[in-house]
Amino acid sequence: MYRSTSRRIFTAVFTAAAVLGGGVIASGTAAAHPGQLACSTAPENTRDLDLPGQKPDTKVIVENCAEISDQTWAYGNTTIRWQMLVPQAIDQGKRFTSFKVTSRLESRPTPTGTDTVEASVTCDFTAQLNASLANSTGLTCNPGSLFSYKLYWSIDSTIVYDLEGDGAGPITWQQGGSPLRWYEPLPEGV
């Protein structure tokens, strides 16, 4: 009963933190790299969007982060931030017909093994991107957390966006995934 209750509490706390702004939960001491999310730095995770007409061109930055916490829980998220690439916005109207992020929690049995999608969620951020010309805090899409024993974990994501008025239709943008995270037991007596 204790383990089941602990899992429900951890999942509820993690979900609440993600919903309230993507807060980071400190890792347990048995994580491979305790206390930090491992985040992607891939160049393909940044894109400059050339918006039509007088709408401000926009830079979008995507961060895929994963961690092992509480000794055996894998979790992570995809966070997007954006900013204008021009000093002033002449047309502040609708910029996106749609902007959806799919964040995937993936596992593999070995560092060089094949990824298996264990959890996935799609977040629709269209309204938020249209409401604000910039967001340095970011919006977070969280696929949840899973029991991680003896697996390697990462977060991967895909964005599908459609620029208002450009006539190009939806564009699919695949991001580089987070570094692998794994559970590493502490030696006896520690």
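Predicted model: local features only at pLDDT ≥ 70, side-chain atom pairs only at ≥ 80, totals over all residues.
Local features are reported where pLDDT is at least 70 and side-chain atom pairs only at pLDDT 80 or more, while totals for chains, interfaces and linings use all residues. Residues are numbered from 1 along each chain as its sequence is written, and side-chain values use heavy atoms, with hydrogens and water left out.

Helices (H or I, at least four residues) and strands (E, at least two) are taken as DSSP runs and numbered from the N terminus. Two strands are considered paired if DSSP finds at least two bridges between them. Strand β5 pairs with strand β9 (residues 152-163) in the antiparallel sense over 12 bridges, and valine 101 stands opposite isoleucine 159 of β9. An antiparallel arrangement also relates β5 to strand β6 (residues 116-124), through eight bridges, with valine 121 in β6 as the bridge partner of serine 103.

With contact defined as heavy atoms within 4.5 Å, and with neighbours within four places in sequence set aside, arginine 108 touches Gly113, Thr114, Asp115, Leu151, Tyr152 and Leu180. A polar atom of the arginine 108 side chain lies 2.6 Å from the backbone oxygen of proline 111. The C-alpha atom of arginine 108 is separated by 8.8 Å from that of serine 154, although the two residues are 46 residues apart along the chain.

In one, the sulfur atoms of cysteine 39 and cysteine 65 are 2.1 Å apart, and the link is right-handed, with 110° about the S-S bond. Cysteine 39 lies in strand β1 (residues 38-39) and cysteine 65 in strand β3 (residues 58-69), so the pair ties together parts that are 26 residues apart in sequence. Cysteine 39 is partly exposed at 25% relative accessibility, whereas cysteine 65 is buried at 2%.

Cysteine 123 and cysteine 141 are likewise joined by a disulfide, with an S to S distance of 2.1 Å; the torsion about their S-S bond is about 85°, so this disulfide is right-handed. Both cysteine 123 and cysteine 141 are buried. Counting bonded cysteines along the chain, the disulfides follow the pattern 1-2, 3-4.

Definitions and conventions:
Polar contact = N/O pair within 3.5 Å; in protein donor to acceptor, adjacent residues only side chain to side chain. Disulfide = S-S within 2.5 Å. Buried < 20%, exposed > 50% of the residue type's maximum accessible area, 1.4 Å probe, protein only.
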